[in-house]
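Morning, everyone. Please look at the model on the screen, and I'll walk you through some of its helices and rings.

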Amino acid sequence: MPRVMFLDQHSLFIAIGVSCTALAFTLLATWIVARSETYLLTWSTGLTLTVLALLFYLGIERYDPIYQLVSFLLLILGFSLIYRGTIQFCTNRSSWTLTIAATMLGLVPTTLAFTTGYTGVGTASANFAIALLTTLAAHQYWSARAEAPLLMITNALLYLVTALSFAACGYVLLDQGQYVLTARPSNWAEEFNSLMVIVGLTGIGALSLTINQIRTANRHKSDAMTDPLTGLLNRRALFDDRTHEVPPNTAILLMDLDHFKAINDKFGHAAGDRVLRVFAEVIFSNIRAHDVAARLGGEEFCILLQSSSPKSASSVAERIRATFEGLAFQTPDGTINATVSVGVAILSSEPETLQSLLDRADAALYRAKADGRNRVHISDFHLAA
């Protein structure tokens, strides 16, 4: 008694082709807008090869091993590019080694089996190869799950179930002893695989685009909060969510590069920008990971030290001042020896807002400048350079 097909396989293949084509165009259009996201182009190319493989497969009126081989080779190459795009998406790496190795594990056995007449073995080999590629893609998403746990884990599971559906196709052929085929395989595994390709690829594509949009939004937010010249936070970021009272033992270091306008006027703005960037590096090298550093504008900088004390805050300020004073910037117009003045304010126990603490640091900075610059002034007492 012939087996009754639960679903029309031809219609399923058409649905796969339509969904993959739509997703390929979506990814391509997104890449055109954001050319730096090269994984979008890689995915789009992989899906295009998958559609071409389906066109070859559906275009055969009768079973032809050569056309079947071409179809499977295109399919393996398509999924290898999809896996390659997943590596780019999850790790931002550009190595092709693992992709090429996994692809060759599929292309070589499949080609050998078809050319020697074992079309069933070749078909099973192609399915196992794609199962390997999709399993590796699932591993990439799983390894990157910390970025967006729910979305990344869902993608990993979709890839894993899709891999199982391809593996099932290969297993059923070998289990039934169909080493040589004279017609297209038709069994429950093929139906399961067709459904998973539709659900898996479209679902993975949609979720990956969502993650990409989240990344873009976070990058825009970061750009809006970061000074582009120095990489420090900007004034907006410093005061964001810090308008209320600051905790005790918080210290503010307000710093101003001495005679910076004269440096720009004599050596040029490019040299001035270099001085600003190096000063930011000095700040980074002298603060802790949880401390906050910002460029308030021009040559004015600020550091917010948490869980600090008068002694530790003055020590950080003096290290920054002394390190910067010891640097020499060579330019075509001569040597730049820049210095910095620092005002420090520390909150001990009385409630105080960040703006109030900053105002006290500003008053201390004014005193440091009035006393001769290139020095640190803390609250009501003075530390000479």
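First, a definition: axes are lines fitted to C-alpha atoms, for helices over the stretch in contact, and angles run from 0 to 180 degrees between N-to-C directions. Helices (H or I, at least four residues) are DSSP runs, numbered from the N terminus.

This is a predicted model: local features need pLDDT of at least 70, side-chain atom pairs need 80 or more, and totals for chains, interfaces and linings use all residues. Residues are numbered from 1 along each chain as its sequence is written, and side-chain values use heavy atoms, without hydrogens or water.

Now, helix α3 (residues 65-91) and helix α7 (residues 188-225). Their axes lie 12 Å apart, at an angle of about 25 degrees. That makes α3 roughly parallel to α7, a label for angles under 35 degrees.

Who touches whom? Contact means heavy atoms within 4.5 Å. From α3 come F79, F89 and C90; from α7 come L201, S208, I211, N212 and R215.

Keep two of those names in mind, F89 and R215. The charged end of R215 sits over the ring of F89, 4.1 Å from its centre. The rule: NZ of Lys or CZ of Arg within 6 Å of the ring centre and within 35 degrees of the ring normal. R84 also lies over a ring face, that of W96, at 4.2 Å from the centre.

Rings of Phe, Tyr and Trp (its six-membered ring) pair if their centres lie within 6.5 Å. The whole structure holds 10 aromatic pairs.

Note on methods:
Phe/Tyr/Trp six-rings, centres within 6.5 Å; stacked < 30°, edge-to-face > 60°. Helix = DSSP H or I, 4+ residues; strand = E, 2+ residues; numbered from the N terminus. Parallel < 35°, antiparallel > 145°, perpendicular 65-115°, else oblique.
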